[in-house]
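Visitor: I've got a structure to walk through with you. Could you show it to me and then take my questions one at a time?

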Amino acid sequence: MLKVENLAISFPVKAGLFSKRRHIKAVRGVSLTIQKGQIFGLVGESGCGKSTLAQAVIGMQRPTQGQVFFKGDDLYALSTPAFRAARQNMQMVFQDPFSALNPRFDVQRIIAEPMHIRGGFSGEQMEGRVLELLNLVGLSPEDRHRYPSDFSGGQRQRIGIARAISLHPELLILDEPVSALDVSVHAQIMNLLMDLHEELGLTYLFISHNLADVKDISHSVGVMYLGSFMEYGPTAQVFAQPLHPYTHSLLAAVLTLDQQKEPVITRGDIPSPIEVPPGCSFASRCPLAQPKCQVETPVLLEYRPGQLAACHYPVI
Amino acid sequence: MRTTRRKNNLLAKIWHHPQGQVGLILAGLLVFAAVAAPWITPFDPYDVTQRAEKGLAPGWPHLLGTSISTGQDIFSMLIYGARVSLLVGIVTGLAIAFLGAFMGILAGYGGRFWDTLIMRLVDVMLVIPTLPLTIVLTNLFGKSYGMIIFIFTIFGWVGLARVIRSQVLVLKSSNYIKAAQLAGASRRYIMFRHILPGVSNLLIMSTALTSAGIMVAEAGLSFLGLGDPTAISWGKMLAEAQSGGALLFGHWWWIIAPGIGIFLSVFAFMRIGLALEEVFNPRMKRSGMLLRLFKSINGSYIQEVFDAMDDRPETDEAGKEAAP
C-alpha cells in the first residue's frame, strides 16, 4: 500500500547575510512499508520529525531525498491529475480538532466538502452520505446543521474523521488524533478508530507520542528519534523485548502502578537537528553509550525476525 | 433553528448591538439628508444673490442663519454637505476594500513573487508624503472629488492589504485548508471558498472604519481648497467661515454647524465599525487594538491633513503608533 524509501527532508534556516546557509534536518533517511489493512504506529518525542514525515507521505512536503510509493507509484513523479487522484485515496485526521474545521461551515458542508470538490455527486447523494457518515462516527443526524463551535473537542474529531473517510480513502493518516483530547474522550475516539479500521478495511499510519495508544492499535511500530528510526518491528515484539536503549527508556517512562519498577531517567537534551552530531544521534543521552557510538553512525540491522534496531550495542 | 439565526443578515446584528444601533440611525439620517437634499432644504444653498439677508443669526426662516458675505442659507448648506462627505467616504471605503483585498490576497496566496512585489510596493507607498502629492495632482488634473477618491484609494489600500495578507497567511496554514487540498481542491476553490470568506469580516469592518476616516480627511482637503470648488462640502464651509469672518463677528453657529456634520458622519461610521468588530469577534479586548487598526489604515493621511491645518509642529507619537 505505502512504501517510503530512504526519505530525507530538510528545511533551510534563515541565517545572517554572510554566514553559511544551514538546514534543519527534520527527517533523515526513513524507510517504511505498510501493507494493506495494516496499522503502522509512529512514535517519538515532539519535534522528532513524525509530522514532517506524514506531510511528505500525503504529498504536502516534497522530500529532499528519497521516494514515497503509494500503491506502487512514486507520488512525487506523478502528473498533476494522477497526483490528485492518488491523494484523494489518502486522507488525514489532524491533531487539533479546533483548527481542522472551518468555523463558517456547518457540519453538512464540512463533511460533504471532499465530495463537492471531487464532483459528480448530486445534492441528495451527498446528504445521504453525510447521514451515513454521521451515523458511522457516532453523531446524530440533527448535528449536520450545526457549526463547529457547537461541538466539543471529541465531537469535532468525529466530524474530522467523517470528512476524512467520506471519499472511501484507502489510507488514513492519523496525526496525533487523540493527543488533544480528554482521557475519557480519548478512549472513545480510539475505539471509534479501531471499529472503523475493522468495518471499512482501512490502512492507518498512526502517529502518536503516546506509547499506550500505539501499543493498543498498531500492528507494527517505528520508533523515531531526531529524524530517523531507532527501532522498527512488530508492535508486540518491540514492546515486549525492545532492542534499542531509547525504546527502553521510552517504555520505562510510561506511568505504571508498579511501585517496584525503577524509572530510567534519560538525562540531557535532544541534540539540535541543525547540527546533528556524528555517530549515533542518541549517544549523548544513552545510558549504555560506548566510545564507538560517538563516532560511527549505526544502521538499522535485523536482530530478531522482523525487528530492526539502529544500535551498536542493542539489548538482547 | 440555529442555522437560520446564523445566516440572518448583518444589518440585524448591528441593529441589535447598542453601539451599532446609534450608528445605523445616524447613518440612515445622513443618507436620507444627502439623497433628499433638494427637497428638504428650505433654501437654495447655491443662491449667492440674497444681499438683503447677509449675516443673519439663527432664527426663522433661516434656521442656522446666513453667511456674512453672500447670504447663503447655512442650514441648507449643511444638508448639502452630507452629499460630498458620504459619497467620498463610502465610495473610497469600498474602493479601498476591493483594492486592499485583491492586493492582500494576491500577496498572501499568490506565491513568493507577488508577495515580495506587493510588500515592497507597500513599503514605498507608506513613505510617500501624500498631502504634497495631492496638491500637485489636483492642480494638474483639476480639482474634483473623483480625483480625491482616486488619490485616497491609491494610498489607502496599503494598510488594509497588509492586514489582509497576514490574515491570509494564518488561514493558509490552517488544517481545514490542508484537508481541502487533500481532497483535491484547486487553488481557485480554496481562494473563493475558504480564504475570501475568511477575510470578509475584516473587509466589511474596515470599509466602515475607513469610510469614517476618509470623511475627516475629505473635510481637511476641502478646507484646504483641494476639493471641487463648485460643490458645497463641510470642509469648504469651514474654510468660508474662516475667510468670511465668522470668528470676527462672533458667528459661532457658522463654524459649529459643519463641525457637527463632520462629527456625526464620522461618529456614525465609527460606531458601525465598532459594532461590527464586536459582532465578528465577541471576545476581543476593546482596548487599543481598534484604534491601532484604524490608524494603520488611514492614520498617516489624516495626521498629515491635520498637521497642515494647524501650525503645530508634527508630533511623532501618532506615527509611532501607526507603525505595526
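Predicted model: local features only at pLDDT ≥ 70, side-chain atom pairs only at ≥ 80, totals over all residues.

Visitor: In what sense do β11(A) and β12 of chain A pair?
Guide: β12 covers residues 307-309 of chain A, and three bridges link it to β11(A). The sense of the pairing is antiparallel.

Visitor: Which strands of the eight-stranded open sheet in chain A stand at the edges?
Guide: The order runs β6-β7-β8-β3-β9-β10-β12-β11 (chain A), with mixed pairing. An edge strand has a single partner, so one side of it is left without a neighbour in the sheet. That describes β6 (90-93) and β11 (301-304) of chain A.

Visitor: What angle does the direction of helix α5 of chain A make with that of β6(A)?
Guide: Helix α5 spans residues 153-165 of chain A and packs on the sheet. There, α5 touches β6 and β7 (171-175) of chain A. Its direction and that of β6(A) make about 175°.

Visitor: And at what angle does helix α9 of chain A run to β9(A)?
Guide: This helix, residues 245-253, lies across β9 (220-225) and β10 (228-234) of chain A. Its angle to β9(A) is about 100°.

Visitor: Which element gives the most to the side of chain B that touches chain A?
Guide: Here 17 residues of chain B are in contact with 24 residues of chain A. On the chain B side, α1 (2-7), α9 (175-182) and α10 (187-223) each supply at least two residues. With six residues, the top contributor is α9(B).

Terms used. Residues numbered from 1 in each chain as written. Chains lettered and ligands numbered in written order. Contact = placed C-beta atoms within 7 Å. Helix = DSSP H or I, 4+ residues; strand = E, 2+ residues; numbered from the N terminus. Pairing = 2+ DSSP bridges. Axes fitted to C-alpha atoms, helices over the stretch in contact; angles between N-to-C directions.
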